[in-house]
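Keep the model open beside the text and look up each residue as it comes along.

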Amino acid sequence: MRYEPLEERHVAIGVDLGQSRDHTTIAAVERVRLVVPGYVADELRDSEHGRRRLADLRKELPKPTFNLRILEQAPLGEAYPAQALRIHRVQANPNLQGQCVPVFVDYTGVGRAVFEIFRAANIRHMTGVTLTF
C-alpha cells in the first residue's frame, strides 16, 4: 500500500519553578513527527496481517524532532502571580499552533503551593508533574 505520511505537530509548555536563588524557566517545545494517515491505519487494522503491516510502517517512519519555540527565564524574585501572567502570555503567543497548548508545571518542592496559585490565576490545560533524576 502506497501512501504519503502526514506531518503532525504538537506544542507543550513546561515550567520549572525557581525559588529565591534560581530562576523560573518556561519552555515551549514543539514535537514534529510523521504518522501513518488514519485511512491507511483504519484499513490495516481489520486483520492480524494488517496490524503487523501497520506496526512495520510505523517503525519505518523517522524519529520525531523537537523544536524549542520559546524559552523564557523569569527574573529572580518575580512573584508567582506575575509568573502566572507570563505563562498566560506564552500560551497566547500566536507563533504556537493550536488552541489547546498544555502546560506542565514542576510539582516538586514549592511546586504544589505555586501550582495552586497558577490554578487560581486560571492557567488553562495545566498538569502538575513530579521531576525525579
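## Starting at L44

Which residues does L44 touch, not counting residues up to four places away in sequence? They are G50, R51, R53, L54 and L57, where contact means heavy atoms within 4.5 Å. L44 is found in helix 1, residues 38–44; helices (H or I, at least four residues) and strands (E, at least two) are DSSP runs, numbered from the N terminus. L44 counts as buried because its relative accessibility is 12%; buried means under 20% relative accessible area, exposed over 50%, and partly exposed in between, with a 1.4 Å probe and protein chains only. Now look across to T25: L44 and T25 are 19 residues apart in sequence and 44 Å apart in space, C-alpha to C-alpha.

A word on how to read all this. The model is predicted, so local features need pLDDT of at least 70 and side-chain atom pairs count only at pLDDT 80 or more, while totals for chains, interfaces and linings use all residues. Residues are numbered from 1 along each chain as its sequence is written, and side-chain values use heavy atoms, with hydrogens and water left out.

Strand 1 (6–16) and strand 2 (25–35) run antiparallel and are joined by 11 bridges; two strands pair if DSSP finds at least two bridges between them. One example is L6, whose bridge partner in strand 2 is V35. Strand 2 also pairs with strand 3 in the antiparallel sense, over 8 bridges. Here E30 has N67 as its bridge partner in strand 3.

On to the parallel pairings. Strand 1 runs parallel to strand 4, with 3 bridges joining them, and I13 stands opposite V103 in strand 4. Strand 4 in turn pairs with strand 5 (residues 126–129) in the parallel sense over 4 bridges.

## Two nonpolar cores

In soluble globular proteins, nonpolar side chains tend to be buried together. A nonpolar core is a set of buried Ala, Val, Leu, Ile, Met, Phe, Trp, Tyr and Cys residues joined through side-chain atoms within 4.5 Å. The largest core in this model has 19 residues, and I13, V15, L96, V103, V105 and F118 touch the most other members. Strand 1, strand 2, helix 3, strand 4 (103–106) and helix 4 (111–120) each give two or more residues to this core. A second, separate core has 8 residues, including V36, V40, L57 and the L44 of our opening question.

Leaving aside its neighbours within four places in sequence, V15 is in contact with residues including T24, I26, I87, V103, V105 and F118.

## Salt bridges

The model has 13 salt bridges, each a side-chain nitrogen of Lys or Arg within 4 Å of a carboxyl oxygen of Asp or Glu. In one of them, the closest N and O atoms of E8 and R31 are 3.7 Å apart. This pair links distant parts of the chain, with E8 in strand 1 and R31 in strand 2, 23 residues apart. E8 is partly exposed at 22% relative accessibility, and R31 is partly exposed at 27%.

R69 and E30 also meet in a salt bridge (3.2 Å, N to O). R69 sits in strand 3 and E30 in strand 2, 39 residues apart. R69 counts as partly exposed at 33% relative accessibility, whereas E30 is buried at 4%. Another salt bridge joins the side chains of E72 and R86 (3.0 Å, N to O). E72 lies in strand 3 and R86 in helix 3, so this pair ties together parts that are 14 residues apart in sequence. E72 is buried, with a relative accessible area of 19%, and R86 is buried at 14%. Salt bridges that share partners also join E7, R9, E30 and R69 into one network.

## Around H88

H88 lies in helix 3 (residues 80–91) and is partly exposed, with a relative accessible area of 23%. Not counting residues up to four places away in sequence, H88 touches A121, N122, I123 and R124.
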